[in-house]
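Visitor: Please show me how to read a model of this kind, one feature at a time.

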Amino acid sequence: MAFDVGGGRGGLRPTMNVTPLVDVVLVLLIIFMVVTPLLTKQMWMTVPAKNDKQAEQPPPPPDALPPVVLTVDRAGVLRINREEVPREQVVARLQRMLNARPDKIVFFDASDDVPYGAAMDVLDLARGGNITVGVLPDKLAD
């Protein structure tokens with residue numbers, strides 16, 4: 001504690017020296033800033049295992065139409081829903097199939113060993129018939 005020796009009316013007045021207080025507060029602040037991230041709590045939860053029967057998608061409704069899938073293999077054979085179709089009949093057959101369906105989309109799948117150019121030729125063939133084509137990202141289950 002320090003004393004103010006001034007020539008005022010009361011004579012000596014005690015005033016508090018705040019420097020040590022500020023030092024202590026700053027040290028505590030730094031300690032709490034360092035320790036706080038270390039105090040994060042972890043909560044472990046046990047959730048029930050996913051049942052394989054629940055993981056499967058529900059079956060499609062009985063009146064749902066199967067998707068139209070255009071596939072090409074290494075030999076260049078074109079198939080629509082696993083039925084071989086000559087190259088010159090692909091567009092006409094796809095257009096007939098899509099006219100009878102509410103969804104106007106054809107899914108495209110190429111075998112892994114089909115050259116890129118051959119797959120693009122088949123895609124261009126389908127798109128040339130003004131058909132909407134969606135590319136399947138995964139292998140089809142045979």
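Predicted model: local features only at pLDDT ≥ 70, side-chain atom pairs only at ≥ 80, totals over all residues.

Guide: We start with classes: Ala, Val, Leu, Ile, Met, Phe, Trp, Tyr, Cys and Pro count as nonpolar, Asp, Glu, Lys and Arg as charged, and the others, including Gly, as polar. Residues are numbered from 1 along each chain as its sequence is written, and side-chain values use heavy atoms, without hydrogens and water.

Visitor: Which classes make up the lining of the second largest pocket?

Guide: A pocket is an open set of points on a 1 Å grid over the protein atoms alone, where a 1.4 Å probe fits, with protein on both sides within 12 Å along at least five of seven lines, and lining residues have an atom within 4 Å of a point. Here the lining has eleven nonpolar, one polar and four charged residues, with Phe 108, Asp 109, Ala 110, Val 135 and Leu 136 nearest the centre. Helix α4 (116-128) and strand β6 each supply at least two residues, and α4 gives the most, four.

Visitor: What is the order of the strands in the open sheet?

Guide: Strands are DSSP E runs of at least two residues, helices H or I runs of at least four, numbered from the N terminus, and two strands pair if DSSP finds at least two bridges between them. The order is β5-β4-β3-β6-β7, with mixed pairing. Because β5 (83-84) and β7 (132-135) each have a single partner strand, one side of each is left without a neighbour in the sheet. Strands β3 (68-72) and β4 (78-80) pair antiparallel over three bridges, and Leu 70 stands opposite Ile 80 in β4.
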